[in-house]
Amino acid sequence: MPVEFPYKPYGTQLAFMGRVIATLDRGRRQGRSHALLESPTGTGKSLSLLCAALAWQRHYPLRAPPAPAAADPLLYGGGFVPDDTQQQQPTPGVPEKAAAAAKKKNAPTIYYATRTHSQITQVVRELRKTSYRVRMAILASRKHYCVNKTACMADSIDEECKRLLDDKVQGCPEFKNAQKLSRHPSLQTGGSYEVHDIEDLLRVGRQVKGCPYFAAQTMAEAAQLVFCPYNYLISPIVRRAMDINIAGSIVILDEAHNIEDIARDSGSVDVDEESLNSLKEELAKLATDQAVGKIYQPLHDIIEGLSTWISAQEGDPRDNEFDNPPSFWTGENAVKELQKAGITPAYFPILQECATKAVKAASDTESEGDHLTGRGAMTLESLFSSLSHFFGRNGRHLYDYQLAIQRFAHREGTSAFGVRNVMSLWCLNPAVVFQDIADLTHSVILTSGTLSPMGSFASELGVQFDACMEAPHVIDADSQVFASVLSSGPTTHRLNASYKTADAYSFQDELGASIEEICRIVPGGALVFFPSYKLLDKLKVRWSQTGQWARLNARKPVFVEPRGSTEELEPVLNGYYNAILGKVPLKKGRGGAKQIVKNRVRKNSSQESAKGGAAFLAVCRGKVSEGIDFSDDNARVVVSFIFIVICLKEFSVKFCTSIQ
Ligand code: SF4
């Protein structure tokens, strides 16, 4: 198969693409096939994935299914099968247009999922480097896409959007123009935004006053390549709400090493009494309407049943809940408890149908008549999503769940002591959710820089992966990397960040001097990872008092990872990248906009040996520690604390690996 790769590929990239194509081919022969591909960060995984999957999709209808043994690169040691360089010819007699239509109709859609929206932007950047141009869409939340001023200023954009859409008088003018946006020439074949990211769609949306949120959903229906965050694919609730149909498609999960947690979370639910009560009130009102009463009445009855059941479990909130066994049930016992609320395995399919209709009515922008509010629909849907996994597959997963009542004590007013009850149905096994996805799709391709040990990873997900690969790094470790353990700083004081010594000024000062020295010697960007925000804050205070902070800033402008949301990180990161490029914001321009100007090397005698660049102080396992592109000059040195783990015999290998 010809794959158009923008550069001369490394061996690892060839092997990676070979595995992707072999998996997709095998999926075509067998109905489905999945792969687990590990390749270190910086080895061009995303580019290889995109090129291989898009090449396979492009040639899909024109290729006969390969003969089982002859064309499977996995049987050739995992490399590429030598290319005969013959471009596949269209089937004679089939007009080009008809062939294109067949392609569109038959080729599985590729869903490319990442952990965050900013990772999507990076992957779109990679897509721009390729020659592949297919209809694409990026699914994101209203928070990222809304352009309506009233909704953007509301506490909850989702609620405000639904309120506006229900309001036939005021409405949302941008909603009416969503189609205009999705059909905008710049987003079509050959248009300037044919390959676009979230920002581009927002830009065009503002120009034509159209809603990017609904436009993206329309575009996704016809797209051959859809980008979205993981939870849009993993969570059946979000899939239904966004009308995402992954049946027969190719699902690529990038940076997927924490997919188990995401799968467990999306199979679980925590719902408090307050939400259940407000849902019950909404359902009671809707049940009085004769036309739709038969949908809402059964739902009202079981929500009332759940509220009564929760109240019956009440104990003293000051009791240690883990000493209170009746608050936790699993397997048959959990089924018995739910029966008390009126939810039985036999009755559940009927309830599920009612819940699906109720949620559909609430989410359908065209729906007439009364329906649940956004909050009510979300509570109902989360509850039923979890229950459907619990009762699903003929009760095979009953013991993968824990039903629980959590009681939280809180003060009401100045003296009264209140209790907040939360009903939880926790999924303890990621396979419960992941197997559904694997069974539905043509292929799931999981990739990351850290998937090993693959055996336990695959068994936790409960799926057979036909292709597994652990690729080596593309760099020459002997000549291109220098790694060293620094046990003392410039004054030979020991650098020991253990709990006992981390508060000692001698350690903190030595660490500051060491980082300053590293920044003096190394050009470009310096990333420094601390074990916790707490230690980072302490060091900032100490270094500000001693002048170390100013000295560090004189070597390289220092940027610090913000504790808050990922959105807060973006401007800090941009500042870091700009500083490395030699740009600094100097003054405010007209209208208050910051002007970025070239920072000609600062003239300061104390900086004579400074090598430019910038330093980024971040936290291990924080927002900066994965999924962000620090290529070339953006990270010429990485400083990290070493954690020494005492590996007890009982610990699983996986557990130790994840700690390390
Ligand atoms: S329809 Fe679109 S623009 Fe209007 S409020 Fe909803 S998300 Fe915002």
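This is a predicted model: local features need pLDDT of at least 70, side-chain atom pairs count only at pLDDT 80 or more; totals for chains, interfaces and linings use all residues.
Trainee: How many helices and strands does the protein chain have?

Mentor: Helices (H or I, at least four residues) and strands (E, at least two) are DSSP runs, numbered from the N terminus. Here you get 27 helices and 17 strands.

Trainee: Which residues make the contact?

Mentor: Contact means heavy atoms within 4.5 Å. On H1 the list includes Phe16, Val20, Leu24 and Arg28, and on H2 it includes Leu49, Ala52 and Trp56. The contact residues divide into 10 nonpolar, 2 polar and 3 charged, with Ala, Val, Leu, Ile, Met, Phe, Trp, Tyr, Cys and Pro taken as nonpolar, Asp, Glu, Lys and Arg as charged, and the others, Gly among them, as polar.

Trainee: How many aromatic pairs are there?

Mentor: Take the rings of Phe, Tyr and Trp (its six-membered ring) and pair them if their centres lie within 6.5 Å; planes under 30 degrees apart are stacked, over 60 edge-to-face and the rest tilted. That rule gives 16 aromatic pairs. One of them is Trp56 with Tyr60, a tilted pair at 5.0 Å centre to centre and 55 degrees between the planes. Phe390 and Tyr401 are edge-to-face, with 5.6 Å between centres and 85 degrees between planes. Phe390 lies in helix H19 (residues 374-395) and Tyr401 in strand S8 (residues 401-412), so this pair ties together parts 11 residues apart in sequence. Both also belong to one aromatic cluster with Phe348, Phe384 and Phe391.

Trainee: Which ring does the charged end of Arg28 sit over?

Mentor: For that, NZ of Lys or CZ of Arg must be within 6 Å of the ring centre and within 35 degrees of the ring normal. Arg28 sits over the ring of Tyr60, 4.6 Å from its centre. Another case is Arg542, over the face of Tyr505 at 3.8 Å from the ring centre.

Trainee: Is Trp56 buried or exposed?

Mentor: Buried means under 20% relative accessible area, exposed over 50%, partly exposed in between (1.4 Å probe, protein chains only). Trp56 has 2% relative accessibility, so it's buried. Tyr60, at 16%, is buried too. Gln402, at 21%, counts as partly exposed. Across the 660 residues of the protein chain, 48% count as buried.

Trainee: What does Gln402 touch?

Mentor: Gln402 lies in strand S8. Leaving out residues up to four places away in sequence, its contacts include Phe328, Trp329 and Trp426. Its C-alpha is 6.8 Å from that of Cys427, 25 residues apart in sequence.

How values were computed
Residues are numbered from 1 along each chain as its sequence is written. Side-chain values use heavy atoms; hydrogens and water are left out.
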